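Trainee: Please take a close look at one part for me: the place where the two chains meet. What is there, and which strands pair across it?

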Amino acid sequence: MKRVVNILVASVGGQGGLTLSRTIAYAATLDGYSVKTAETLGMAQRYGSVMGFIRVGSSIKSPLFDPGEADYILGLELTETLRRLHYVSSSGLVIVADEYKPSYTQSIKHPSLKAEDIILEIKSLWPKTIIVPARRLAEKAGNIRALNMVILGAFNALSNLLSTKSIKTAIREILAEQTALISIKAYELSYSYFQQTL
Amino acid sequence: MLTRSSIFASPGVKVPLMGNEAIARGLVEADVKVLVGYPGTPSSEVIMTIQPYSRELGIYVEWAVNERVAFEIALGASITGVRSMATMKAPGLNVASDPLLSAAYCGVERGLVVLVADDPGPHTTQTEQDSRWYAKLAKLPMISPSNPQEAKDFTKIAFEISEELKLPVILRTTTRVNHTVSDVVLGEIKKIAQEPRVPRDEPRFVRAGMQWNLERHKWLNSRLQLVEDVASKYSINSSIGEGQLCVVAEGVAYDYVAESIEELDLSSKVKVIKLGLLYPAPRRFLLENLVSCKSILVIEELDPYLEEQVKITLYENSVVIPVYGKTTGHTPLEGELNKYIVKRALASFAKSALQEISILEKIAVSPRDVLPRPPPLCPGCPHRFSFIALKIALSRKGFKLSEVPIFGDIGCYALAFNPPLSMLWTEHSMGASISMAMGAKIAGYNKPVVAVIGDSTFYHAGIQPLIEAANKGVDLIVMILDNDVVAMTGHQSTPAWRVSESGRVLKPISVESIVRAINPDFVITVDPYNLDEIISAITDVISKPGVKVIIAKHPCALLERRKRVFENKYYVEESTCKGCKACIMTTGCPAIVMENNVARILVEDCNGCGLCSRFCPYKAIKILARGTSP
């Protein structure tokens with residue numbers, strides 16, 4: 001693998017973007033990698049625009065990376081992914097949930113938009129984009145809030161960066177018991193869905 | 001999110017920790033006994049991490065009513081012989097500055113460390129305050145880590161330095177250290193003997209004696225002479241690489257420098273001087289490492305503090321070397337740094353061939369113009385009811401929103417400045433709503449004036465302004481939005497709680513009991529969820545003389561959600577919805593979105609307050625009973 005893998009998480013506050021970053025960081029440490037993340041907690045947390053940086057590899061210095069340097073963009077929401085698309089590197093992969101949560105201003109100014117419109121825009125700008133049926137898989141796992149773990153499953157099936165064992169340990173360490181069960185289920189459903197698709 | 005194992009895990013184990021969690025582990029390793037603070041991003045997680053284990057660890061860890069009280073508690077504990085820390089965000093240090101400056105004169109017994117978290121960006125702070133100047137102002141040693149590992153290690157070192165010098169030490173961090181997660185190697189948990197004993201020494205602790213104060217000032221200045229020597233034992237300053245091009249950096253800026261040097265392939269030409277001790281600047285170390293340089297670039301966030309220190313050091317030693325940094329425009333004076341800015345500064349400094357390469361050439365997709373998503377009030381937020389009620393009450397009394405200034409305060413409710421509520425005219429500093437509104441009245445403004453303040457901000461800094469307003473008798477409407485929690489910073493306790501996060505049994509002190517003791521002209525407590533009731537409460541008092549306090553009391557919707565208070569959710573009947581957007585434009589609730597020209601309620605985000613259904617002219621918003629789907 002490259003010396004450093006850069007991952008950008010784009011989400012709306014409350015979707016579990018921070019938990020996703022934390023799970024990847026934890027699992028990567030268990031797998032023996034060096035890791036750095038940068039997040040903006042606080043006021044962006046609730047329904048605001050949230051961007052998280054994760055860097056996995058060896059001897060990482062900067063917690064941030066620049067636009068054009070993301071090997072992966074993990075999108076929990078379509079408009080937020082579009083907002084951060086310039087972070088993708090020339091060989092980067094975008095993995096995004098088919099989830100449309102327009103902001104107040106977008107709802108008012110462009111009420112006719114729908115998920116498919118944003119999907120088309122992202123795909124036309126960046127063909128190396130995987131759309132994840134995230135809501136369906138999360139609901140199947142037992143809770144729409146496990147959407148972040150669906151994206152994690154897709155990411156790991158496509159990147160093979162982390163061991164599933166470490167991911168499961170990380171989820172159990174970070175989340176409460178009941179949430180961890182659903183999260184692991186969501187991860188597994190998505191992971192095998194994408195393994196079959198590949 | 002710190003797991004139990006990280007607090008209790010054995011030395012040598014490597015765990016991913018956020019900077020603030022690393023500081024928390026550092027406090028455990030340093031055997032700290034008293035940990036107090038006031039919530040403030042990005043500093044809050046230090047206390048939150050230890051709270052669940054307070055009893056087990058034997059640490060007093062609580063939120064104080066404000067930062068100055070927190071600092072004074074920590075100071076009192078420290079002179080009594082136990083290691084203590086006070087935590088705060090940058091503006092909190094302004095609140096604690098009065099006792100801080102005097103603490104430099106009396107000094108400490110056991111270690112006292114003040115954690116102050118600056119916020120270059122800013123991400124969540126009213127100013128880009130550079131708290132490094134406070135070290136200079138208060139004449140107190142300041143050290144600063146550049147990553148989570150150092151955050152843990154420097155916490156321990158800060159206590160050692162504090163005890164050796166008998167001075168409080170300021171541990172200064174920035175957002176990108178506090179909120180960065182990185183793998184951290186844990187250290188020894190060392191128990192130290194700490195016997196409580198209050199020393200009696202008037203010249204040292206009584207600031208009423210002017211001769212004593214003069215003597216203590218001399219003592220303080222003599223202590224400052226020792227700091228570089230004491231700090232040098234811990235290798236917190238270092239020099240990396242060789243070359244005549246020299247870069248001086250501190251904090252996370254060092255990491256941007258290190259990575260940029262690698263990417264620009266400059267490692268054979270550039271020497272980096274990384275400082276952990278920021279005040280007093282380590283002059284001998286700087287001179288030793290800079291004297292043979294051909295030119296110097298200082299990379300730092302916020303003000304050109306180190307740049308000044310470097311220039312003074314060179315000048316005092318009659319060394320003439322060009323120094324570049326913020327004053328030469330190599331890096332900006334505002335905003336946070338990142339790798340790109342630092343790389344450009346370094347390329348220009350080193351006259352690297354890569355200098356002309358624009359980052360934009362590397363970008364595969366150019367940035368899209370996506371409408372911004374400022375954080376709104378949450379679904380079900382009781383503040384939304386209060387603001388809509390205020391709007392309706394003002395218009396019922398014939399006032400235009402453009403003629404009734406609403407002075408806001410610091411907390412979630414300040415987000416009501418965003419459309420569609422667009423209610424706040426100011427958000428200034430903790431507690432300023434009431435006093436600034438009073439100022440507007442005293443200046444002669446003859447229309448109603450409203451102050452809006454939250455419960456925690458009221459406890460923190462709103463009580464004295466209310467005393468002032470009630471005492472002087474101005475005409476003022478004060479709305480205290482009491483959601484029973486410090487919501488904005490992550491749901492910390494207030495003095496109204498019965499049990500704190502660490503399990504301590506508290507004596508609850510309600511907002512209303514304090515307001516009644518101040519005895520303004522009118523007090524009423526209403527539940528804003530009863531919209532008609534709060535509208536008429538506000539309508540009734542608008543034109544009355546005197547200070548009228550309306551306490552709008554309803555728990556934070558996120559707390560109620562966690563406790564599963566909400567019975568139902570709501571949904572939009574698609575066939576009935578005409579796409580008029582009234583629901584969104586009235587409430588601004590983030591659980592309602594427009595998609596394909598109809599409104600849709602995101603079922604997982606709806607907290608079931610039902611406010612939107614009230615404003616739908618077509619009655620398209622209906623109750624969705626628990627467990628069913630639309």
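Mentor: Start with the terms. Two strands pair if DSSP finds at least two bridges between them. Helices (H or I, at least four residues) and strands (E, at least two) are DSSP runs, numbered from the N terminus. This is a predicted model, where local features need pLDDT of at least 70, side-chain atom pairs count only at pLDDT 80 or more, and totals for chains, interfaces and linings use all residues. Residues are numbered from 1 along each chain as its sequence is written, and chains are lettered from A and ligands numbered from 1 in the order in which they are written.

Now the pairing. E2(A) and strand E8 (residues 180-185) of chain B run antiparallel, joined by three bridges. A:Thr37 has B:Val181 of E8(B) as its bridge partner.

Next, the wider interface. Here 55 residues of chain A are in contact with 54 residues of chain B; contact means C-beta atoms, placed from the backbone, within 7 Å. On the chain A side, the elements giving two or more residues include helix H1 (17-30), strand E2 (34-38) and helix H7 (164-174). H3(A) gives the largest share, six residues. By type, that side of chain A has 24 nonpolar, 19 polar and 12 charged residues. Nonpolar covers Ala, Val, Leu, Ile, Met, Phe, Trp, Tyr, Cys and Pro; charged covers Asp, Glu, Lys and Arg; the others, Gly among them, are polar.

Last, the partner as a whole. Chain B holds 25 helices and 24 strands. Its C-alpha trace spans about 80 × 65 × 55 Å along the principal axes.

Definitions and conventions. Two residues are in contact if their C-beta atoms, placed from the backbone, lie within 7 Å.
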